[in-house]
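Please consult the sequence and the model shown below while reading.

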Amino acid sequence: MAGGMDTGGGKGGKKSLDTSINLTAFIDLMAVTISFLIMTAVWTQIGRLQVSQAGGPSMEEEQQQEEQTKTVQLSLLITPTELRLTADQSAFEPIPLTKDAKGKTDLSKLTARFKELKAQLPDQSAITLQPEDKVRYEDLVRIIDECIGSGLPQVSVSAAMG
């Protein structure tokens, strides 16, 4: 039998082609893999943050946006002792950071300042926060929440400049 297939007709007798395959291990592997993929998909959705890049739109796009709506470049410098809000080149009076009875930072003055600002600039929706290194993370998160709650949903965070 040159080049043929051995059908077991030799000395050993005929081999059975019917064998049972154990599928339990394969099913276990697939169940673990599928559950892992589902959990990974959920965690990627939970961990997603909206972040804007530091590089802004091109000059033509920026001019078109200024013609459509009246907005200014808002930035809020956050230090451990005070908040300094600036709109374009004009600066507002610094807001001192004080603690309330529970030990949390009191942001009522910042809320009032945002209300004044929204009354003057109703189309304003973006603000840049510039926290210093010593600012507590809890305070930064509370200030971000305050910005969003006051009608400034486009919050970006950058390094403090000076």
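Thr 128 lies in strand β7, which spans residues 126–131. Helices (H or I, at least four residues) and strands (E, at least two) are DSSP runs, numbered from the N terminus. The model is a predicted one, in which local features need pLDDT of at least 70, side-chain atom pairs count only at pLDDT 80 or more, and totals for chains, interfaces and linings use all residues. Residues are numbered from 1 along each chain as its sequence is written, and side-chain values use heavy atoms, with hydrogens and water left out.

With a relative accessible area of 16%, Thr 128 is buried. The term buried means under 20% relative accessible area, exposed means over 50%, and partly exposed lies in between (1.4 Å probe, protein chains only). The side chain of Thr 128 makes a polar contact of 3.3 Å with the side chain of Ser 156. A polar contact is a pair of N or O atoms within 3.5 Å; within protein, one must be able to donate a hydrogen and the other to accept it, and residues adjacent in sequence count only if both atoms are side-chain atoms. Apart from residues up to four places away in sequence, Thr 128 touches Gln 73, Leu 74, Ser 75, Leu 76, Ser 156 and Ser 158. Contact here means heavy atoms within 4.5 Å.

Glu 82 is placed in strand β2, residues 82–87. The side chain of Glu 82 forms a polar contact with that of Arg 84, at 2.5 Å. When neighbours within four places in sequence are left aside, Glu 82 is in contact with Leu 77, Pro 94, Ile 95, Pro 96 and Leu 97.

Two further residues belong to loops. Val 135 is found in the loop between β7 and α4, and Lys 104 in the loop between β5 (98–99) and β6 (105–106). The C-alpha atoms of Val 135 and Thr 79 are separated by 6.1 Å, although these residues are 56 residues apart along the chain. Val 135 touches Ile 78, Thr 79 and Pro 80, not counting residues up to four places away in sequence. For Lys 104 and Asp 139, 35 residues apart in sequence, the C-alpha to C-alpha distance is 8.2 Å. Beyond its neighbours within four places in sequence, Lys 104 contacts Thr 98, Lys 99, Glu 138 and Arg 142.

The accessibility of three of these residues is tabulated below.

| Residue | Relative accessible area | Class |
|---|---|---|
| Glu 82 | 19% | buried |
| Lys 104 | 40% | partly exposed |
| Val 135 | 15% | buried |

The helix pair is considered next. The axes of α3 (residues 108–120) and α4 (residues 137–149) come within 10 Å and cross at roughly 30°. Axes are lines fitted to C-alpha atoms, for helices over the stretch in contact, and angles run from 0 to 180 degrees between N-to-C directions. The helices α3 and α4 are therefore roughly parallel to each other; angles under 35 degrees count as roughly parallel, over 145 as roughly antiparallel, 65 to 115 as roughly perpendicular and the rest as oblique. In α3, Leu 110, Thr 111 and Phe 114 meet Ile 143, Glu 146 and Cys 147 of α4.

Across the whole chain there are 4 helices and 8 strands. Of its 162 residues, 23% are buried.
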